[in-house]
Amino acid sequence: MRLDQLTFDNSFTRDLPADSSDENRPRQVSGAAYSRVSPTPTEHPALIAYSPEVLAMLDLDIDALDDTFTQALSGNRVLDGMDTHAMAYAGHQFGNFAGQLGDGRAITLAEVVTTEHGRQTLQLKGAGPTPYSRTADGLAVLRSSIREFLCSEAMYHLGVPTTRALSLCLTGDKVMRDMFYDGRPALEPSAVVCRVAPSFIRFGNFELFGWRQELDNLRTLADYTIRTHFPELGEPSPEVYAAWFHEIARRAADMVIHWQRVGFVHGVMNTDNMSIHGLTIDYGPYGWLEDYDPGWTPNTTDNQMKRYRYGAQPAICQWNLTQLANAIYPLIEDVEPLQAGLEGYVERFNEERPRMMAAKLGLADFDPNDSHDYGLVERLTDLLPAIETDMTLFFRGLASVPGATSDEDALLAPVLDAYYSPDELSGDHRAATLAWLRDYSARAARDGRADADRAVAMDAVNPLYVLRNYLAQLAIDASEQGDHAMITDLLDTLRTPYAEQPRREAFAEKRPEWARTRAGCSMLSCSS
Ligand code: AMP
Ligand code: MG
């Protein structure tokens, strides 16, 4: 089917209260879950990348990539049946309540009810101002759009719950950005991503009504969300609200464990960036761990506190869930079930995290209550940050460490490539690393699986290809010069991140020296 042949639905705007004003200027909006707004037309829209899997998910075929597709997904044409709008939400940013935020540069087009994947919402990011744009322009630069497009799809193929990206369009327009916040703004190409998810409802949508004391709207939104997106929980009631919160907490735990598994750092885990579905959402100043450093965040806006560093992500998820619990408390008027939901998060995390680490180590009969097994994981996560060690290559290499050996060369050779400065692997650190590898090799042998079988199992959870920060930047550099091929090349590679791809070894290489300090590679700022 082509895009204009789809039947669009608009349950969000049909079932929830609309802003009574249609004035598109920054303002406070009360008593409403959204404001109707039209995308801003652009100069010369051009489709530069799309996801074949999302196309198929929406029951679209390759013929759908026509002019209508480009026009509609760059904000130039609103198709019949679309009720375009921006959502109202609030949120806690960096630990503080920030009041009304809302879709400042996102405009939802419509929902599509698919045969296999249920309800999917299409939303443009960077399609112009809305009543929630505050002091900004509602536009997105090409570099951040490429990053959102590629990372959404990379995460999906890694098996991490995420919003998806259907398309990436250049607008043909330029926007002014002060990329380094140093008073040297420059014109940059702007772009629009069409992202896709069951819904884009965030924790912040509930916080808005809690804060404004609009309890009817709070209930209407919760009931809508449960009936539309969590129907298996039953008709809304205080018990069902509690069960729903429990489910949101479970999904959040699973999501963050996946992040830890693949070395993803979200960068801005504000409550307005937390999906009610447990999906990774709002790809901004995210980054991928290259050298394993639990204290690392790519977000320069968070340089001082490092609130959203890799190692803090699980605790931040819990903190964010607490904010959601506070927001929906009036629906239940009982602390206990919400407290139980929060404890459910901790339990789920404490159960699944060791399972995830055991899978990364390829140990089938791992016992987290056994001090040896537990210690094996803890010793490793202490060793890795001591010298610069590439997380992805280390775990990938570990799969080739033979069982039941104490031979130094046999133990070290498979992981050597993971070290940024192999010379640093000396003295005490070398001794501790070898001691760990020896214990690991003995433990792997005791696990009873053949080395080759262990390697296959490990390679299914330890990716070889992740969206390394410098790779995204190389694709951006070329695209800004008009050559968009690397975006598709990277996307193709990241579609099978666990499989060795002979002609694509370059995309598995650790960060080159030039990328260590280059902006966009190791440092990014919040919104751009
Ligand atoms: P973020 O840090 O991207 O999650 O954005 C936080 C808030 O700022 C959200 O309400 C965004 O919609 C808004 N925002 C970010 N960038 C822009 C922009 N270029 N124009 C308008 N609003 C924006
Ligand atoms: Mg956001």
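1. A polar contact is taken here as a pair of N or O atoms within 3.5 Å. On that definition, a polar side-chain atom of Asp137 makes such a contact with a nitrogen atom of ligand 1, at 3.3 Å; please keep in mind that the model is predicted.

2. Two further side chains reach oxygen atoms of ligand 1: a polar atom of Arg134 lies 2.7 Å from one oxygen atom, and a polar atom of Asn273 lies 3.0 Å from an oxygen atom of the ligand. Ligand 1 on its own would expose 480 Å², of which the protein buries 90%.

3. The shell around ligand 1 consists of 18 residues, with Gly102, Gly104, Arg134, Gly138 and Asn273 as the closest. By residue class, this shell comprises seven charged, seven polar and four nonpolar residues.

4. Asn273 also takes part in the metal site, where its OD1 atom and an OD atom of Asp282 coordinate the magnesium ion (ligand 2) at 1.9 to 2.2 Å. Both of these coordinating residues, Asn273 and Asp282, are buried.

5. Although 182 residues separate Gln213 from Gly31 in sequence, their C-alpha atoms are 9.8 Å apart in space.

Technical notes:
Residues are numbered from 1 along each chain as its sequence is written. Chains are lettered from A and ligands numbered from 1 in the order in which they are written. This is a predicted model: local features need pLDDT of at least 70, side-chain atom pairs count only at pLDDT 80 or more; totals for chains, interfaces and linings use all residues. Side-chain values use heavy atoms; hydrogens and water are left out. Donors are N, O and S atoms within 2.8 Å of the metal (3.2 Å for Na, K and Ca); water is not among the atoms, so sites may look incomplete. Buried means under 20% relative accessible area, exposed over 50%, partly exposed in between (1.4 Å probe, protein chains only). A residue is near a molecule or strand if one of its heavy atoms lies within 4 Å of it. A polar contact is a pair of N or O atoms within 3.5 Å; within protein, one must be able to donate a hydrogen and the other to accept it, and residues adjacent in sequence count only if both atoms are side-chain atoms. Accessible areas come from the Shrake-Rupley method with a 1.4 Å probe; for residues, only the protein chains shown count as cover. Ala, Val, Leu, Ile, Met, Phe, Trp, Tyr, Cys and Pro count as nonpolar, Asp, Glu, Lys and Arg as charged, and the others, Gly among them, as polar.
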